[in-house]
Amino acid sequence: MTSNLNSLAEARRAAASPLFANLEGDIGVSFEFFPPKTEKMEAQLWDTFRTLEPLGPSFVSVTYGAGGSTRERTHATVARIAAESAVPPAAHLTCVEASRAEINEVAEAYWEAGVRHIVALRGDVPGGEPYRAHPDGYANAIELVAGLKAIAPFDISVAAYPETHPDADCAESDLDNLKRKLDAGATRAITQFFFSPDSFLRFRDTAAAAGIDAPIIPGILPVSNVSQTRRMADMCGTAIPAWMVSLFDGLDDHPAARQLVAATIAAEMCRRLYAGGVRDFHFYTLNRAELSYAICHLLGLRPVLTAKDQAA
């Protein structure tokens, strides 16, 4: 009851005052990157990481290409973060086109490199083909989570889908699959990106009613490229509202304006999630810092001052 009253009071506050006035900055954040392919992309990734690092993320994750195509680059990026930063890195790991022995070898190498957090995913087959398990591999994320826990006491995150995974029979079976991943040893779930705050809040409440008490963190994708986002959304079954697409109409040749619109849309969505009681956010950065940093700032989050900074 107290939680509902607090949420109601916060919703009234959001409606009655400037959306981002006097927020306490009481949020937790994490950021996702993809491994760089070139030296230029690597420099951009590290510029992005260093820009976001002072915000004190609870972790940063690095994706794993389809079929393990970025295995070495993912490992190198995660290992460098572990060696050079106090921010805990999380390595993505999938079941696609790999035997259990191969996946276990990767997981053991992460543990030896000081990586304690894995984002365990079933993964998708390259080329958009229907998923098929490797004959000697883990069949799905449930088995992968259990296998990782047998190797070492990893902190494990798994995926959740507010608008239902495209391969699921129905929302109920998809939610049951999430529960089984958590029961297998996962610590938390991070959602696929979405563009309707209500879809996440409904999903969170439905999950709680189904007995899921692990944290479910909303995945936030600040959109600056609509065509790229549409391709990604088609792959994971995420709906893009027509009103959002229309806001980007006519901005193809105006990148600065496009950035402002993107930040406004994503920040307002996060503000509405905040009003609904959400205090943790996971940002899909696409290896760019500006939008995620701006949204965090609007939500009241400020850089963590080190002892050196305070002395200066």
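Which residue forms a salt bridge with Glu268? The partner is Arg272, with the closest N and O atoms 2.9 Å apart. A salt bridge here is a side-chain nitrogen of Lys or Arg within 4 Å of a carboxyl oxygen of Asp or Glu.

## Basis of the model

This is a predicted model, in which local features need pLDDT of at least 70 and side-chain atom pairs count only at pLDDT 80 or more, while totals for chains, interfaces and linings use all residues. Residues are numbered from 1 along each chain as its sequence is written, and side-chain values use heavy atoms, with hydrogens and water left out.

## Overall fold and dimensions

The protein has 12 helices and eight strands. These are DSSP runs numbered from the N terminus: helices are H or I with at least four residues, and strands are E with at least two.

For 312 residues, a compact globule would have a radius of gyration near 20 Å, and the 19 Å of the protein agrees with that. The radius is taken over C-alpha atoms, and the globule rule is 2.2 Å times the number of residues to the power 0.38. Along the principal axes, the C-alpha atoms fill a box of roughly 55 × 50 × 45 Å.

## Burial, contacts and surface

Of the 312 residues, 46% count as buried. Buried means under 20% relative accessible area, exposed means over 50%, and partly exposed lies in between (1.4 Å probe, protein chains only). Among contacts with a separation of 6 or more, 78% are between residues 24 or more positions apart; a contact means heavy atoms within 4.5 Å.

The accessible surface comes to about 15300 Å², and 52% of this belongs to carbon and sulfur atoms. Areas come from the Shrake-Rupley method with a 1.4 Å probe; for residues, only the protein chains shown count as cover.

## Charges and salt bridges

The protein carries 28 positive and 38 negative charges, whose mean positions are 4 Å apart. Lys and Arg count as positive and Asp and Glu as negative, with His and the chain ends not counted. Each charge is placed at NZ of Lys, CZ of Arg, CG of Asp or CD of Glu. Side chains of opposite charge can pair when their charged atoms come close. The structure holds 12 salt bridges.

Arg50 takes part in two of the pairings described here: with Glu53 at 2.9 Å, N to O, and with Glu84, where the closest N and O atoms are 3.3 Å apart. Arg50 lies in helix α2 (residues 39–52) and Glu84 in helix α3 (residues 71–84), so this pair ties together parts that are 34 residues apart in sequence. Arg50 counts as partly exposed because its relative accessibility is 34%; Glu84, at 43%, also counts as partly exposed.

## The pair in helix α10

Glu268 and Arg272 are four residues apart in helix α10 (residues 255–275), so about one helical turn separates them. Glu268 has 30% relative accessibility and counts as partly exposed, and Arg272 counts as partly exposed at 46%. Elsewhere, salt bridges that share partners join Glu42, Arg50, Glu53, Arg80 and Glu84 into one network.

## Positive phi in loops

Thr164, a residue other than glycine, has a positive phi near 75°. Thr164 sits in the loop between β5 (155–160) and α6 (171–183) and is partly exposed at 21% relative accessibility.

Leu286 is also a residue other than glycine with a positive phi, near 55°. The loop that holds Leu286 runs between β8 (280–284) and α11 (290–298). Leu286 is partly exposed, with a relative accessible area of 31%.
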